[in-house]
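I opened my notebook for a friendly look through this fold, pairing by pairing and contact by contact. Here is what I looked up.

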Amino acid sequence: MGLVLRYVPGFGTYPDGRLRAGPFNADGVGMLYLAMDKWGIRPGAEGSQGIVSQTPEGIMLSAQGEGVTGYLLDAEGLESSRSDLDGFILETVRPGAACRINGHWCPDPDRMIVSEATAVHDGRYVTWVETRDILHRDGGRQNISRSLPVALPAQRALRIA
(Lines give C-alpha, C1' and ligand atoms only; values in the text may rest on other atoms or scores of the structure.)
Protein backbone atom coordinates (compact mmCIF):
# COMPACT_ATOMS: atom_id res chain seq x y z
CA MET A 1 0.00 0.00 0.00
CA GLY A 2 1.34 3.44 -0.94
CA LEU A 3 1.43 6.65 1.02
CA VAL A 4 -1.97 8.32 1.34
CA LEU A 5 -2.03 12.09 1.61
CA ARG A 6 -5.13 14.00 2.58
CA TYR A 7 -5.53 17.71 1.84
CA VAL A 8 -6.41 19.89 4.81
CA PRO A 9 -7.97 23.19 3.71
CA GLY A 10 -6.64 26.48 5.04
CA PHE A 11 -3.28 28.20 5.32
CA GLY A 12 -2.67 26.95 8.81
CA THR A 13 -4.83 25.88 11.68
CA TYR A 14 -5.01 29.20 13.48
CA PRO A 15 -3.82 29.43 16.26
CA ASP A 16 -2.21 25.98 16.11
CA GLY A 17 1.58 25.86 16.53
CA ARG A 18 4.12 23.05 16.11
CA LEU A 19 7.51 22.30 17.66
CA ARG A 20 10.05 19.53 17.18
CA ALA A 21 13.34 19.58 19.10
CA GLY A 22 16.23 17.21 19.62
CA PRO A 23 17.86 14.85 19.74
CA PHE A 24 18.60 15.12 23.45
CA ASN A 25 20.95 12.67 25.10
CA ALA A 26 19.55 12.85 28.62
CA ASP A 27 19.52 9.55 30.50
CA GLY A 28 15.83 8.93 29.94
CA VAL A 29 12.74 11.08 29.72
CA GLY A 30 12.76 11.77 33.46
CA MET A 31 16.22 13.36 33.24
CA LEU A 32 15.12 15.46 30.24
CA TYR A 33 12.09 16.66 32.21
CA LEU A 34 14.28 17.55 35.20
CA ALA A 35 16.68 19.51 32.97
CA MET A 36 13.76 21.35 31.35
CA ASP A 37 12.39 22.20 34.79
CA LYS A 38 15.83 23.29 36.06
CA TRP A 39 16.32 25.73 33.16
CA GLY A 40 12.66 26.81 32.97
CA ILE A 41 12.26 25.41 29.45
CA ARG A 42 8.76 24.64 28.11
CA PRO A 43 7.55 23.36 24.70
CA GLY A 44 4.74 25.93 24.80
CA ALA A 45 2.81 28.34 27.02
CA GLU A 46 1.21 27.29 30.29
CA GLY A 47 -1.00 24.27 29.74
CA SER A 48 0.81 23.10 26.61
CA GLN A 49 2.03 19.54 26.70
CA GLY A 50 4.86 17.94 24.83
CA ILE A 51 5.40 14.35 23.83
CA VAL A 52 8.69 12.54 23.52
CA SER A 53 9.94 9.74 21.32
CA GLN A 54 13.11 7.70 21.55
CA THR A 55 15.20 7.57 18.38
CA PRO A 56 18.63 6.02 17.78
CA GLU A 57 20.11 9.54 18.05
CA GLY A 58 18.35 10.39 21.33
CA ILE A 59 15.07 11.74 22.68
CA MET A 60 12.94 13.96 20.43
CA LEU A 61 10.48 16.45 21.93
CA SER A 62 7.33 17.39 20.01
CA ALA A 63 4.41 19.67 20.80
CA GLN A 64 1.47 21.14 18.95
CA GLY A 65 -1.52 23.29 19.70
CA GLU A 66 -2.45 26.72 20.91
CA GLY A 67 0.39 28.20 22.97
CA VAL A 68 3.10 26.42 20.96
CA THR A 69 5.21 28.92 19.03
CA GLY A 70 7.84 26.79 17.27
CA TYR A 71 10.59 27.69 19.73
CA LEU A 72 11.18 26.87 23.39
CA LEU A 73 9.52 29.10 25.97
CA ASP A 74 10.14 30.05 29.59
CA ALA A 75 7.65 29.69 32.45
CA GLU A 76 6.07 33.07 31.61
CA GLY A 77 5.35 32.00 28.02
CA LEU A 78 8.08 34.17 26.51
CA GLU A 79 10.92 32.94 24.32
CA SER A 80 13.55 31.28 26.53
CA SER A 81 16.64 33.35 27.22
CA ARG A 82 19.83 32.40 25.42
CA SER A 83 21.60 31.73 28.74
CA ASP A 84 18.88 29.26 29.81
CA LEU A 85 18.91 27.58 26.40
CA ASP A 86 22.71 27.31 26.48
CA GLY A 87 22.63 25.72 29.93
CA PHE A 88 19.91 23.31 28.85
CA ILE A 89 21.81 22.33 25.67
CA LEU A 90 25.08 21.84 27.58
CA GLU A 91 23.25 19.52 29.99
CA THR A 92 21.20 17.48 27.52
CA VAL A 93 23.17 17.26 24.25
CA ARG A 94 26.43 15.36 23.67
CA PRO A 95 29.42 17.60 22.90
CA GLY A 96 29.77 17.81 19.13
CA ALA A 97 26.21 16.66 18.46
CA ALA A 98 23.71 18.96 16.77
CA CYS A 99 20.35 19.71 18.38
CA ARG A 100 17.67 21.11 16.08
CA ILE A 101 14.65 23.12 17.15
CA ASN A 102 12.08 23.64 14.38
CA GLY A 103 8.51 24.80 14.32
CA HIS A 104 5.88 27.28 13.37
CA TRP A 105 2.87 29.17 14.69
CA CYS A 106 0.22 31.48 13.27
CA PRO A 107 -0.15 34.77 15.15
CA ASP A 108 -3.20 35.47 12.96
CA PRO A 109 -4.98 33.74 10.05
CA ASP A 110 -2.83 35.50 7.41
CA ARG A 111 0.69 34.86 8.70
CA MET A 112 2.78 31.89 9.81
CA ILE A 113 6.08 32.36 11.62
CA VAL A 114 8.57 29.58 10.87
CA SER A 115 11.57 29.09 13.17
CA GLU A 116 14.64 26.91 12.63
CA ALA A 117 17.63 26.67 14.96
CA THR A 118 20.60 24.35 15.29
CA ALA A 119 22.74 24.31 18.44
CA VAL A 120 26.14 22.61 18.78
CA HIS A 121 28.47 22.76 21.76
CA ASP A 122 32.06 21.86 22.49
CA GLY A 123 31.50 21.06 26.17
CA ARG A 124 31.81 24.70 27.25
CA TYR A 125 30.18 26.97 24.67
CA VAL A 126 27.09 26.65 22.49
CA THR A 127 27.07 27.88 18.88
CA TRP A 128 23.72 28.67 17.28
CA VAL A 129 22.62 28.96 13.65
CA GLU A 130 19.09 30.34 13.45
CA THR A 131 16.52 31.73 11.06
CA ARG A 132 12.99 33.02 11.52
CA ASP A 133 10.66 33.90 8.64
CA ILE A 134 7.07 35.07 8.19
CA LEU A 135 5.11 33.23 5.52
CA HIS A 136 2.14 35.22 4.21
CA ARG A 137 -1.09 33.74 2.93
CA ASP A 138 -0.33 35.14 -0.56
CA GLY A 139 2.90 33.10 -0.70
CA GLY A 140 5.23 35.93 0.27
CA ARG A 141 8.13 35.28 2.62
CA GLN A 142 9.73 37.86 4.91
CA ASN A 143 12.84 37.21 6.96
CA ILE A 144 12.57 38.35 10.58
CA SER A 145 16.01 37.22 11.70
CA ARG A 146 18.86 35.13 10.41
CA SER A 147 22.14 34.47 12.13
CA LEU A 148 25.30 34.90 10.14
CA PRO A 149 26.74 31.66 8.83
CA VAL A 150 29.28 30.30 11.30
CA ALA A 151 31.73 27.44 11.17
CA LEU A 152 30.60 24.63 13.44
CA PRO A 153 33.78 22.62 13.98
CA ALA A 154 31.98 19.91 15.94
CA GLN A 155 29.67 19.30 12.98
CA ARG A 156 32.58 18.67 10.62
CA ALA A 157 33.78 15.88 12.88
CA LEU A 158 30.32 14.28 12.77
CA ARG A 159 29.81 14.95 9.05
CA ILE A 160 26.34 16.37 9.57
CA ALA A 161 24.77 17.55 6.32
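How many bridges join strand 4 to strand 5? I found 9 bridges between strand 4 (residues 98-108) and strand 5 (residues 111-121), which run antiparallel. In strand 5, Ala 117 is the bridge partner of Ile 101.

A note on the source: this is a predicted model, where local features need pLDDT of at least 70, side-chain atom pairs count only at pLDDT 80 or more, and totals for chains, interfaces and linings use all residues. Residues are numbered from 1 along each chain as its sequence is written, and side-chain values use heavy atoms, with hydrogens and water left out.

I traced an open sheet of 7 strands in the order 2-3-1-4-5-6-7, with antiparallel pairing. Strand 2 (50-55) and strand 7 (141-146) stand at the edges with a single partner strand each, so one side of each has no neighbour in the sheet. From one strand to the next, the twist averages 15°. My terms: two strands pair if DSSP finds at least two bridges between them; helices (H or I, at least four residues) and strands (E, at least two) are DSSP runs, numbered from the N terminus. Axes are lines fitted to C-alpha atoms, for helices over the stretch in contact, and angles run from 0 to 180 degrees between N-to-C directions.

**Helices.** Helix 1 (residues 29-39) touches strand 1 (17-24), strand 2 and strand 3 (58-65), and its direction makes about 60° with that of strand 3. Helix 2 (residues 82-92) touches strand 1, strand 4, strand 5 and strand 6 (126-136), at about 120° to the direction of strand 6.

**Core.** I looked for nonpolar cores (buried Ala, Val, Leu, Ile, Met, Phe, Trp, Tyr and Cys residues joined through side-chain atoms within 4.5 Å). The largest has 24 residues, and those with the most contacts inside it include Phe 24, Phe 88, Ile 101 and Trp 128.

**Salt bridges.** I searched the whole structure and got 8 salt bridges (a side-chain nitrogen of Lys or Arg within 4 Å of a carboxyl oxygen of Asp or Glu). Glu 79 pairs with Arg 132, their closest N and O atoms being 2.9 Å apart. Glu 79 sits in the loop between strand 3 and helix 2, and Arg 132 in strand 6, 53 residues apart. Why does Arg 132 count as buried? Its relative accessible area is 16%, and buried means under 20%, exposed over 50%, partly exposed in between (1.4 Å probe, protein chains only). Glu 79 is partly exposed because its relative accessibility is 38%.

Key:
Contact = heavy atoms within 4.5 Å.
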